[in-house]
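Walk through this model one piece at a time. Keep the sequence beside you as you read.

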Amino acid sequence: MTAADSLLQLSAGRFAAIDFRVKLVFLLLASTLIFVWNSLIAQGLLLAVTIALMLAAATPLATIWRLIRLTLPALILIVVIQGLWSPFGVHPVFTLPDSLPLLGGAHVFTVEGLLFGLAVCCRILVPLLAFQLVFMTTETNDIVLGLTRLRVPYRVALLFSTTFRFVPLLLEEFQAIKDAQRLRGIDLDSFGMVRKLVAMGRMLVPLITGSLAKAQAMEIALQSRAFTGSPDRTQLHPGREKLTGMERAMILIALLFWAAAIVARIGFGMGGSVL
Amino acid sequence: MTAEDGQTSDERPEPLVTFERVGYAYPGASRRALDGLDMTIFRGEFVGIVGATGVGKSTLCLTLNGIVPQFFGGSFFGTVRITGHDTLETATSRLAATVGMVFEDPETQITATTVEGEVAFALENLKVPTELMQVRVAEALRAVGLAGLERKHPARLSGGQKQRLAIASALALAPDCIVLDEPTSQLDPVGTAEVFALLSRLNRERGITIIVASHASEELAAVASRILLLSGGRIIRDGAPGAVLGDVALLKTHDVRPPDIAQAYAAVAARLMPGTPPLAPITLGDASEAFAPFAEAFAAAAPEPASRPSPTGAPVLEAIGVSHVYPDGTAALRGVDLSIRRGEFVALAGRNGCGKSTLIRHFLHLLSPTTGTVRVDGIDVAGLKISDLARRIGYVAQNAHQLLFCDSVREEVAFALTLMKRPKGEIDAAVQFALGAMRLSDLADRHPASLSRGDRLRLAIAATLAPGPDMLIFDEPTTGQDWAGALAILDICRSLNAIGKTVLLVTHHLYLLAGYADRLVVMAQGRVVLDGPLDEVLYSGPALAAASLAPPQTVSFAASLDGLATPGRRPLSPSALAALVEPVGEGAR
């Protein structure tokens with residue numbers, strides 16, 4: 001399976017059947033609450049719920065792991081930096097022996113710092129995974145429809161659908177170029193920074209010309225299919241213009257929960273401390 | 001110009017498309033892509049457009065829905081009318097309802113993320129009511145044999161299925177005509193056959209006018225009702241398929257590959273009937289009657305003893321019991337054993353998805369076997385460094401001409417060696433050798449983008465040669481090429497083989513192999529199913545058919561004659577068939 005393949009995953013299931021507008025509210029909720037709360041427990045719960053929903057929506061573990069791995073270096077760096085120098089830090093994990101010259105007596109990692117680092121990691125992972133969940137369980141057509149119903153101009157909404165088509169093509173192109181260089185004997189991994197940058201910079205030339213050619217071919221294909229960008233069009237599956245009672249209730253509950261969480265945080269400081 | 005023959009009945013169908021003195025030049029181009037086109041296409045015709053690359057076939061297709069000139073600009077002369085609508089005055093979005101378009105590349109023309117969404121896209125744009133749309137989408141998918149796959153992602157379809165999907169999208173519009181620009185050039189023989197069979201059925205049963213630009217001479221000969229030969233933006237010949245595709249000399253003059261059987265007939269006729277050659281048969285069905293007068297000459301031909309030097313070099317590419325299972329569970333290779341010796345010229349064929357590319361990627365160490373061993377030069381490929389591997393195997397991708405990175409030809413060839421920090425003397429020598437071998441020395445200071453497509457491909461090959469590999473793998477280099485382009489690539493392969501390089505060529509075009517490859521390996525369903533000298537494999541009949549491959553028409557024809565399929569004879573190409581008969585002297589006429 002190539003990198004492009006896992007982007008094409010379109011899973012079925014109950015979550016997928018929910019109206020895009022409801023999913024969008026959940027996405028906004030998850031991505032804002034994660035910044036309202038400092039509490040690692042609350043954030044961890046939100047992360048667990050997101051991952052559980054992904055698994056319920058039949059997202060392959062490999063896809064989830066790929067997204068986590070993508071951000072892993074940054075996540076580790078954040079935990080290390082927060083652990084070492086967080087202003088919240090009180091209790092040291094261990095202290096260097098006094099006998100050590102220069103660094104003797106210095107605290108290495110603080111419990112609070114490390115925990116806060118983990119909380120920050122959740123702030124990166126939750127929106128990322130929630131975005132993947134919402135967009136990968138919604139058919140592009142429904143995304144476009146959902147967005148136009150939220151008064152987003154049709155042309156802008158269509159950008160989503162073409163991007164979803166184009167990104168895998170670009171990734172494939174990039175992989176082919178990387179392979180081509182490798183097969184000429186260019187081993188990027190063994191190169192130092194400068195030579196690596198030279199080789200990578202050169203990759204852009206065919207990538208850009210190739211993408212432009214593909215974009216033009218796509219544009220011609222779109223025009224040949226009577227595409228004008230006009231929002232005045234019909235739909236194969238018009239979907240429900242109106243939300244069901246259940247979906248309305250879900251949105252209402254989500255919004256109430258969201259408001260309550262903010263009030264609780266500001267008024268009573270709930271979720272303000274890391275633990 | 002109108003069709004010379006074809007329709008002879010009194011009640012001529014009504015005109016669908018008319019071209020009046022149509023000329024067109026792309027913006028900034030000095031040469032006209034179309035130059036004085038006059039023609040009428042009638043309802044219900046199946047028109048094949050043939051011509052070498054760059055003669056204006058695609059441009060002609062794009063004029064039919066107004067993309068040329070409405071999208072491109074440039075200078076346009078004359079008038080094109082479709083069902084009475086002037087393409088200059090009618091918006092492309094309106095013409096789209098009349099003319100369904102299908103393009104060459106399945107990847108760029110598919111815009112939706114489900115099969116049914118793709119078919120519905122144009123209908124949605126045209127504001128077809130939902131209920132009617134659902135009927136039309138279902139009907140179009142049934143017509144192209146994709147019913148049941150409505151919710152599938154188009155990326156998960158095979159190449160042939162993708163093009164049938166594109167045809168369904170055009171068909172759902174209930175158009176007056178469907179225009180296809182090289183719809184099968186990226187497909188394997190099975191996919192190509194699927195598409196042409198579908199087009200023929202739509203034309204016959206529904207009366208849809210089909211206009212298709214294609215290099216697939218054999219397929220056009222079988223299904224088209226009229227052929228246009230284009231050259232230099234002009235219509236050179238317009239007539240029934242037999243009159244155009246059967247005129248072998250004319251097609252060759254314009255770099256168009258005649259059907260293999262037509263070439264075979266012309267070659268034999270040139271030896272037995274000197275003078276003006278008659279029109280050649282263009283399908284295998286017509287061949288036996290046309291060849292009947294030559295039967296005696298074939299019977300008299302004496303078999304030549306088979307002389308075949310068996311390869312003696314050391315094995316340089318070896319797959320030993322190689323299996324590969326992709327992470328999604330697809331078993332792409334199931335115990336492949338293959339050994340290629342130094343100095344061989346081997347062709348590798350098989351339908352898409354048979355495991356060819358997976359096997360090649362093992363030799364290049366882009367994939368590792370699930371079980372089994374892959375050896376290059378006798379060394380397990382897993383133990384070779386990337387730079388070591390490049391010094392042993394050169395790989396030329398299908399789109400190698402697009403994978404160029406530098407600002408000059410010389411720099412491009414030296415690129416990898418420079419990054420590897422090789423000594424300057426070594427780099428200079430390697431560059432000089434590679435440029436010389438690819439006849440690019442005169443172009444050393446040019447920018448790669450300024451070269452022709454053919455020269456850019458030679459440059460990509462030169463860059464592959466620079467690290468000094470002894471083996472070269474060409475991955476479907478003839479796909480999407482016209483006749484001259486494909487032969488030029490094969491000539492390069494042969495010249496590299498002649499200087500001692502081992503060549504492995506992946507291709508679908510079995511009719512091109514005679515005179516080039518010595519050995520043919522056929523894969524099917526992850527296994528090597530046939531492997532032997534070219535003539536043995538091409539004459540293996542049912543075994544080849546079981547791998548979904550058809551031999552060249554000359555081979556099919558010779559195999560049907562008594563005595564021609566015996567070892568020692570077995571003609572593989574039109575010229576080889578002709579060589580079996582004694583030429584008739586000028587005096588004997």
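The paragraphs below cover a sheet, the cores and the chain contact.

This is a predicted model: local features need pLDDT of at least 70, side-chain atom pairs count only at pLDDT 80 or more, and totals for chains, interfaces and linings use all residues. Residues are numbered from 1 along each chain as its sequence is written, while chains are lettered from A and ligands numbered from 1 in the order in which they are written.

Start with the sheet in chain B. Four strands form an open sheet there, in the order β2-β1-β4-β5, with antiparallel pairing. Strands are DSSP runs of E with at least two residues, and helices are runs of H or I with at least four, numbered from the N terminus. Two strands pair if DSSP finds at least two bridges between them. β2 (34-42) and β5 (85-86) of chain B each have a single partner strand, so one side of each lacks a neighbour in the sheet.

Now follow β4 (residues 75-82) of chain B. β4(B) pairs with β5(B) over two bridges, in the antiparallel sense. Ile82(B) stands opposite His85(B) in β5(B). Two residues lie between these strands in their hairpin, and Thr83(B) takes a positive phi near 40 degrees. Strand β1 (residues 15-25) of chain B also pairs with β4(B), antiparallel over seven bridges. Phe19(B) has Val80(B) in β4(B) as its bridge partner.

Next, the cores. A nonpolar core is a set of buried Ala, Val, Leu, Ile, Met, Phe, Trp, Tyr and Cys residues joined through C-beta atoms within 7 Å. Buried means that 20 or more other C-beta atoms lie within 10 Å of the residue's own, with C-beta atoms placed from the backbone. The largest nonpolar core has 202 residues, and Ala462(B) and Ala466(B) touch the most other members. Helix α12 (residues 260-272) of chain B gives the most to this core, with eight residues. Another core of 24 residues lies apart from it, and includes Ile18(A), Phe26(A), Phe116(A) and Leu129(A).

Finally, the chain contact. Which chains meet, and through how many residues? 58 residues of chain B are in contact with 47 residues of chain A. Contact here means C-beta atoms, placed from the backbone, within 7 Å. α5(B) gives the most to the side of chain B that touches chain A, with seven residues. By class, that side has 33 nonpolar, 17 polar and eight charged residues. Ala, Val, Leu, Ile, Met, Phe, Trp, Tyr, Cys and Pro count as nonpolar, Asp, Glu, Lys and Arg as charged, and the others, Gly among them, as polar.

Terms used. A residue is buried if 20 or more other C-beta atoms lie within 10 Å of its own, exposed if 12 or fewer, and partly exposed in between; C-beta atoms are placed from the backbone. Two residues are in contact if their C-beta atoms, placed from the backbone, lie within 7 Å.
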